[in-house]
Every structure is written in C-alpha cells, then in structure tokens.
Amino acid sequence: MTVHDLWGESKTTEEALVIYDGLPAVTTDEMIGSWKGSELPSGHALDGVLGVARWYGKNFRSADAVDPLVHQGFGGKFAVNPALMPLGLAMHAPFLRNGLTTTLFLLSQPLISTAKPKARLRMIEFRGVVSATMIYDAKPINDHFRKVSDNEVIGLMDVRNMDQPYFFALKRDV
C-alpha cells in the first residue's frame, strides 16, 4: 500500500483525518534521512503552494538537525529558512500560484536559503498517538507523521490559529 493508493485524487479534511488516524506511529529514528515530498489535496488554502515553490521535501539529518523545507533550485536542492516564508500571504493570495511566483521564488534563493537546521524531531502525542513530530524553530508549526510503510509517511501540518490541517506525503530518497 502506498500513500497515493490510500489518498487518491483529493479528500475532504474529514476523510483525510480518517486515513491519518488509521495509520500507526513512526519513530524519530525512522525519519532520519532525506525525503521527497508531495502535497495531498484536501481543500486546504495551502493546496498548490508548495508546487509553485518547487518544494522537494525534507531532510532529517538527526533529531536535532532538520531542514524542514528543501526546494529544487536552479543548481539543485537547497534548504529554505522557514522564518522568511510568508505563510499568511500564501494562504490568502491564491492568485500568486503561477509561473511568475515560481521564478521570483527561485531568484530569491540566495536570500532565503540556509545551511543551518531550522527544526527538530520529537516524539509527541497528537490525536491520541505518540509519533514523530517535526517542530519548526521560528514558526508555531508542528508536522506530525504517521507511517504508511518503511519508506512512506503522511504528514499533518498543525499551525496555531489555523482551523484546518494541511496534509502532505513523504517518500524516502533511496
């Protein structure tokens, strides 16, 4: 079973939570490594944003050193400093999801990239299950993970003051 077998094309938030809640926990040790990400549409205001920004995935170097936003740039992958990302603008300006925004994002790479880790992993209880959670350093965001297989997880992005969770998938780079 793969994430996309479970998910299909799109889910409502309620359908997505049923899938997410039915999955087992994943440990922080199981998350270590590089992961390729994909969005899981659920009618969230952020659906489509990561694609425009050429999101690649996440890199878990260790439990205390995580690159939470890895993007595909002109010369390869680069880590982005999440503190510099305008989450509110991304949510409330769907008209910005176009090629011009992609170009501007890529041109800003020297300003927004970082070599320093910007998140960490911890085991946290969420929705009744203790599982690996990525905690952003500079934003009130926790990404809670559930295991689909040894090489795939579903992430639920939980943001303070955001009514609806955002879902994504990670597949281990091999």
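Helices (H or I, at least four residues) and strands (E, at least two) are taken as DSSP runs and are numbered from the N terminus. On this basis the secondary structure of the protein comes to seven helices and nine strands. The model is a predicted one: local features need pLDDT of at least 70, side-chain atom pairs count only at pLDDT 80 or more, and totals for chains, interfaces and linings use all residues. Residues are numbered from 1 along each chain as its sequence is written, and side-chain values use heavy atoms, with hydrogens and water left out.

The overall dimensions come first. Along its principal axes, the C-alpha trace spans about 40 × 35 × 30 Å. The radius of gyration is taken over C-alpha atoms, and the globule rule is 2.2 Å times the number of residues to the power 0.38. For 174 residues a compact globule would have a radius near 16 Å, and the value of 15 Å for the protein agrees with this. A residue is called buried under 20% relative accessible area, exposed over 50%, and partly exposed in between (1.4 Å probe, protein chains only). Buried residues make up 47% of the 174 residues. Contact means heavy atoms within 4.5 Å. Of the contacts with a separation of 6 or more, 59% are between residues 24 or more positions apart.

In soluble globular proteins, nonpolar side chains tend to be buried together. A nonpolar core is defined here as a set of buried Ala, Val, Leu, Ile, Met, Phe, Trp, Tyr and Cys residues joined through side-chain atoms within 4.5 Å. The largest such core has 30 residues, and those with the most contacts inside it are Met31, Phe60, Leu121, Met134, Phe145, Met157 and Leu170. Apart from this core lies another, of 14 residues, among them Ile19, Leu40, Leu156 and Phe167.

A pair of aromatic rings is described by the distance of the centres and the angle of the planes. Rings of Phe, Tyr and Trp (its six-membered ring) pair if their centres lie within 6.5 Å; planes under 30 degrees apart count as stacked, over 60 as edge-to-face and the rest as tilted. The count by this rule is five aromatic pairs. In one of them, the rings of tryptophan 7 and phenylalanine 167 have centres 5.5 Å apart and planes at 50 degrees, so the pair is tilted. Because tryptophan 7 lies in helix α1 (residues 3–7) and phenylalanine 167 in strand β9 (residues 166–172), the pair ties together parts that are 160 residues apart in sequence. Tryptophan 7 is buried at 1% relative accessibility, and phenylalanine 167 is buried at 0%. Phenylalanine 167 also forms an edge-to-face pair with tyrosine 20, at 6.4 Å centre to centre and 65 degrees between the planes. Tyrosine 20 belongs to helix α2 (residues 13–21), and this pair links parts of the chain 147 residues apart. Elsewhere, Trp55, Phe60, Phe145 and Phe168 form one aromatic cluster.

Aspartate 143 lies in strand β7 (residues 141–149) and is buried, with a relative accessible area of 1%. Its side chain makes polar contacts with the side chain of lysine 58 at 3.1 Å and with that of tyrosine 136 at 3.5 Å.

Helix α6 (residues 99–107) shows two sides. The buried residues of α6 are Thr102, Phe105 and Leu106. They cover an arc of only 95 degrees around the axis, which puts them on the same side of α6; the arc is that of the directions from the helix axis to the C-beta atoms. On the other side, Leu100, Leu104 and Leu107 are exposed. The cover over the buried residues of α6 includes α4 (49–52), β3 (65–73), β4 (76–79) and α7 (109–112).

Conventions:
Polar contact = N/O pair within 3.5 Å; in protein donor to acceptor, adjacent residues only side chain to side chain.
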